[in-house]
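Please open the structure in a viewer and keep the sequence at hand.

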Amino acid sequence: LEEAMKSAFRSVDLLRPALIAFGAGVALSAAAVHTEGSEKTPTIVSGDTVTWGSAPPSLPPGAQATVLLGSPAKEGPFVLRLKFPAGFVVPPHRHSKDELVTVISGRFSIVGGETVDRAAFRPLAPASFVHIPAGTPHYAIAETESVVQINGVGPFDVVYLNPKDDPRSQ
């Protein structure tokens, strides 16, 4: 990561002292480097510029989403933030690729299994991280309004265990 950061900011010498002064935390937040043509440029999304829109049709109604990098529907890395209202449930499903989830805020739980069991709800503290390997059945519950970030590699799919739970077929 350090070598990637040095390469990405090689032509911007003014940033190097700031990165050193603030440490690895700042380097990590600015490390989303993508390629446009042959030139690498950092992708920085300020929290006050995030705008929420409709969630993908693969989620039940009520969620909101914003894509920070890439596209879950296309080849390559993506970063997606989701905002769920209190009481929101994502029914049991799986993905064909790994899912990397970070809880940003709220009382949010991800539970492994094929049926929703509210007794299994264990809210994750903000800043918690969950890695869900490809093919693992799981579901999610937002007890309060919650924001999570999903990182992954597209194309990313959502396959509901019970086809009746799939909002795309309703």
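A salt bridge is a side-chain nitrogen of Lys or Arg within 4 Å of a carboxyl oxygen of Asp or Glu. The structure, which is a predicted model, holds 2 salt bridges.

**First stop: the salt bridges**

Select glutamate 143 and arginine 107, whose side chains meet in a salt bridge with an N to O distance of 2.1 Å. This pair links distant parts of the chain, 36 residues apart. Glutamate 143 lies in the loop between β10 (138-142) and β11 (146-154), and arginine 107 in the loop between β7 (99-105) and β8 (108-112). Glutamate 143 has a relative accessible area of 37% and is therefore partly exposed; arginine 107, at 38%, is also classed as partly exposed.

Select next arginine 168 and aspartate 166, which form a salt bridge with their closest N and O atoms 2.8 Å apart. Is aspartate 166 buried or exposed? Aspartate 166 is buried, with a relative accessible area of 14%, whereas arginine 168 is partly exposed at 43% relative accessibility.

**Second stop: the sheet of six strands**

Colour the strands β3, β4, β5, β11, β7 and β9, which form an open, antiparallel sheet in that order. The edge strands are β3 (53-54) and β9 (129-132), each of which pairs on one side only.

β3 pairs with β4 (residues 64-69) in the antiparallel sense over 2 bridges, and glycine 53 stands opposite alanine 65 of β4. β4 in turn pairs with β5 over 5 bridges, again antiparallel; here threonine 66 has arginine 81 in β5 as its bridge partner. Select the turn of the hairpin formed by β4 and β5: 6 residues lie between the two strands, and glycine 70 in the turn has a positive phi of about 65 degrees.

Now select β5 itself (residues 76-84), a mostly covered strand in which 7 of 9 residues are buried. β5 and β11 pair in the antiparallel sense over 9 bridges, and the partner of leucine 82 in β11 is valine 148.

β8 and β10 run antiparallel and are joined by 5 bridges; glycine 112 has histidine 138 in β10 as its bridge partner.

**Last stop: the nonpolar cores**

Show the side chains of Leu59, Leu82, Phe84 and Phe108. Within the largest nonpolar core, of 23 residues, these have the most contacts. Which elements give two or more residues to this core? They are β5, β7, β8, β9, β10 and β11, and β5 gives the most, with 4 residues.

Centre the view on phenylalanine 108. Leaving aside residues up to four places away in sequence, phenylalanine 108 touches several residues, including Phe84, Val103, Leu124, Ile141 and Val148.

Finally, select Val89, Val111, Phe121 and Tyr139. These are included in a second, separate core of 5 residues. Phe121 is also among the residues that phenylalanine 108 touches.

How values were computed. Residues numbered from 1 in each chain as written. Predicted model: local features only at pLDDT ≥ 70, side-chain atom pairs only at ≥ 80, totals over all residues. Heavy atoms only, no water. Buried < 20%, exposed > 50% of the residue type's maximum accessible area, 1.4 Å probe, protein only. Pairing = 2+ DSSP bridges. Core = buried A, V, L, I, M, F, W, Y, C linked by side-chain atoms within 4.5 Å. Contact = heavy atoms within 4.5 Å.
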